[in-house]
Amino acid sequence: MKPITFGSCALFVTVGLVLAEVAIQRPAQSATRNAALQPVSTAVLSARQPAGGGSAQPKVSPQDPATITVAVHPMSAPVTSLVTQQFTATVTGTTNEAVKWSVDGISGGNSTVGVISTTGLYTPPATFVVGTHTITAISAANHAASGSATAYLVAYAGIYTNKNDNSRTGQDLQETVLTPTNVNVSSFGKLFSYPVDGGVQGQPLYVANVNIPTPLNGTAGYHNVVYFGTANDSVYAYDADGKVPAGPLWKASFIDPPTVVPVPGACLMISQPLDGITATGVINPTTNTIYVEVRTLEGQTTPCSGSYVHRLHALDITTGAEKFGGPVVIQASVPGTGSGSVGGELAFDPLHENSRPGMLLSQSAQDVNSVVYFATAGNQDWQPYHGWVLGYDSQTLAQKYVFCTTPNGIEGGIWQMGGGLAADANGNIFVSTGNGTADASTDFGVSVLELTPNNGNLTLAGYYTPSNYATLSQQDWDVTSGGVLLLPTQPGTYPNLLVAGGKEGTIYVVNRDNLGGYQQGANNIVQYIVGAIRASILGQKTPYGIYNTPSYFNGNVYIFGEEDYPKMFTLSNGLLPTKATSTGPTMLHSPDPIISANGTVNGIVWMLEWTPNPTLYAYNPSDLTQEYYDTNQDKARDQISTTPIIRVNPTVANGRVYVPAKGSVLVYGLLQ
């Protein structure tokens with residue numbers, strides 16, 4: 001396993017109560033930041049030997065106390081309730097490196113502010129209150145010389161699903177570390193990275209305070225953990241704070257070369273070299289389980305020969321071990337005469353189907369257990385394919401629900417540029433579909449659908465098909481290039497709304513209680529907004545439009561179009577304005593808006609531009625003309641990549657931003 005990349009320096013890291021010396025790499029320093037501190041192990045405070053005292057006593061040269069300095073590393077650190085934090089002190093200007101530690105001016109701390117050992121190990125208080133505490137190291141050689149750091153006590157439990165919640169709002173409202181004040185090039189940047197064995201197409205997931213009993217690297221105990229899958233059919237669990245640089249806490253691989261391999265992209269006519277895990281998984285924090293959909297090629301004897309297999313895996317988030325008798329092979333069929341059917345039966349085709357949307361964990365009143373859902377579309381319109389939504393019992397992995405969008409037609413895939421399937425509190429599921437057959441009867445391509453679990457069946461409860469669906473399908477202007485956002489309850493005539501849109505660039509605001517169906521020459525929806533997002537042009541080879549799921553924060557909807565400027569729309573009485581309320585200054589390629597905030601304050605909208613110059617941006621969510629930070633401001637330290645990366649969402653949690661890149665996942669935060 002390669003070491004985590006950081007720039008070359010020596011760092012002492014303590015995990016639990018063990019202090020170990022490790023070599024790690026940190027990003028190159030720049031003029032915008034002082035040179036990184038070089039922390040060393042801190043001796044227990046002891047009295048200095050007096051000068052003289054016979055030949056057995058070493059002679060100590062006189063030292064000027066005024067030249068003594070103390071620096072504490074890290075300068076800031078997020079601390080969750082069950083994870084300790086090691087601080088180290090570097091003392092210069094004296095040979096006496098001993099220091100005395102305090103918390104908020106209290107020597108050694110106490111049960112209210114947390115305690116710190118004589119070696120600098122900070123343990124948060126049992127009565128955990130979100131806030132900050134000042135960690136101070138005072139020189140034993142000169143009590144007037146001291147250095148300080150900040151411990152941020154954080155309580156965000158985790159991001160368990162794509163875009164943070166089943167409504168797909170994209171907002172983390174418990175971010176208490178990162179603020180508009182400190183997210184700038186002087187105090188925020190790249191900290192470290194995690195090596196991976198393939199492309200990461202799904203959004204990283206995060207869980208705080210996970211008890212890891214037998215880690216592959218590091219020591220047993222509580223860790224904050226970040227999880228992600230790769231195109232090489234691996235799932236990684238890394239220490240989210242970079243405290244275990246030797247490698248992942250655990251790694252699960254689902255291949256066994258040469259008999260079981262990830263599917264080569266060339267076999268699917270796609271540009272990526274491998275196509276293994278593509279969808280964002282989903283975590284059930286109650287059972288400590290992460291669910292992933294895995295694709296493999298098995299028994300290959302000649303290129304692209306063999307069996308193409310999809311499996312649903314349920315893994316223990318503490319060990320990576322399989323749970324509930326898994327994995328299970330994905331199989332399904334429905335009555336139908338559509339493309340690829342045989343004898344009036346249409347079967348799920350593991351070669352032509354690809355699972356791209358983020359997975360969903362949801363439960364209706366009829367479900368004994370929560371249900372794991374995922375959906376599929378084709379590979380670059382390679383026929384035959386259809387849109388499928390499949391649901392499995394989260395505790396038994398038994399298949400419960402099957403729905404096909406075009407059982408008697410063609411296509412109608414669900415891909416949503418990786419955006420997760422949305423669900424309301426009653427377990428109703430909302431998806432968008434791509435080009436394909438639409439007859440307002442059995443086939444629903446180019447539409448927005450509502451699916452309801454009902455007596456063991458996933459039934460169509462409502463749909464909206466744009467009046468110009470024939471043009472959209474002919475031009476390959478998928479509605480499903482964008483995902484579905486469920487708005488919180490709104491004032492006005494229609495309290496339950498969703499926002500969607502696709503390659504055409506039209507924004508659809510739809511009443512979730514009555515999606516509107518199909519109406520020739522008209523659109524029976526709440527709003528049909530043309531021109532607010534850069535629209536595609538008939539005959540143009542590459543469409544513009546929407547390639548993400550809109551986001552929501554503080555009464556605003558964020559929609560970032562393809563080769564368009566980031567745009568924010570302020571809701572008024574349940575309606576969007578027909579023109580953007582605020583527009584950002586930089587043209588982008590439809591990145592997903594990701595929001596961090598502490599309730600309604602200290603909001604930041606993050607966006608990860610994937611091509612041609614991958615860049616992480618941070619903007620004011622109330623005024624998109626105000627940029628707080630971007631990774632181009634200090635390329636030597638913060639650059640993501642010199643070439644395009646996969647279009648994917650970053651994850652913001654407890655003071656860190658996790659960014660999938662090429663061959664690694666990069667981690668940004670307050671500089672240390």
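Predicted model: local features only at pLDDT ≥ 70, side-chain atom pairs only at ≥ 80, totals over all residues.
## Briefing: strands, cores and cavities

Val557 has Phe569, a residue of β44, as its bridge partner.

**The four-stranded sheet**

- Strand β42, residues 556–559, runs antiparallel to strand β44, residues 567–570, and the two are joined by four bridges.
- These strands belong to an open sheet of four strands, ordered β41-β42-β44-β45 and paired in antiparallel fashion.
- Because β41 (551–553) and β45 (582–583) stand at the edges and have a single partner strand each, one side of each is left without a neighbour in the sheet.

**Nonpolar cores**

- The largest nonpolar core comprises 39 residues, and those with the most contacts inside it are Tyr194, Tyr227, Phe228, Phe254, Ile290 and Tyr658.
- At least two residues of this core come from each of several strands, including β16 (188–195), β18 (221–229), β24 (289–298) and β53 (664–670), while the largest share, six residues, is supplied by β17.
- Another core, of 26 residues, lies apart from the largest one and has Val177, Leu616, Val648 and Val657 among its members.

**Cavities**

- Six cavities of 30 Å³ or more are counted in the model, and the second largest cavity has a volume of about 110 Å³.
- The second largest cavity has a lining of 18 residues, of which Met417, Asp592, Arg647, Val648 and Asn649 lie nearest its centre.
- By residue class, the lining of the second largest cavity divides into 10 polar, five nonpolar and three charged residues.

How values were computed:
Residues numbered from 1 in each chain as written. Heavy atoms only, no water. Core = buried A, V, L, I, M, F, W, Y, C linked by side-chain atoms within 4.5 Å. Buried < 20%, exposed > 50% of the residue type's maximum accessible area, 1.4 Å probe, protein only. 1 Å grid on protein atoms, 1.4 Å probe; cavity = no way out; pocket = protein on both sides within 12 Å on 5 of 7 lines; lining within 4 Å. Points joined across faces, edges and corners; volume = space filled by probe spheres on them. Nonpolar A, V, L, I, M, F, W, Y, C, P; charged D, E, K, R; others polar. Pairing = 2+ DSSP bridges.
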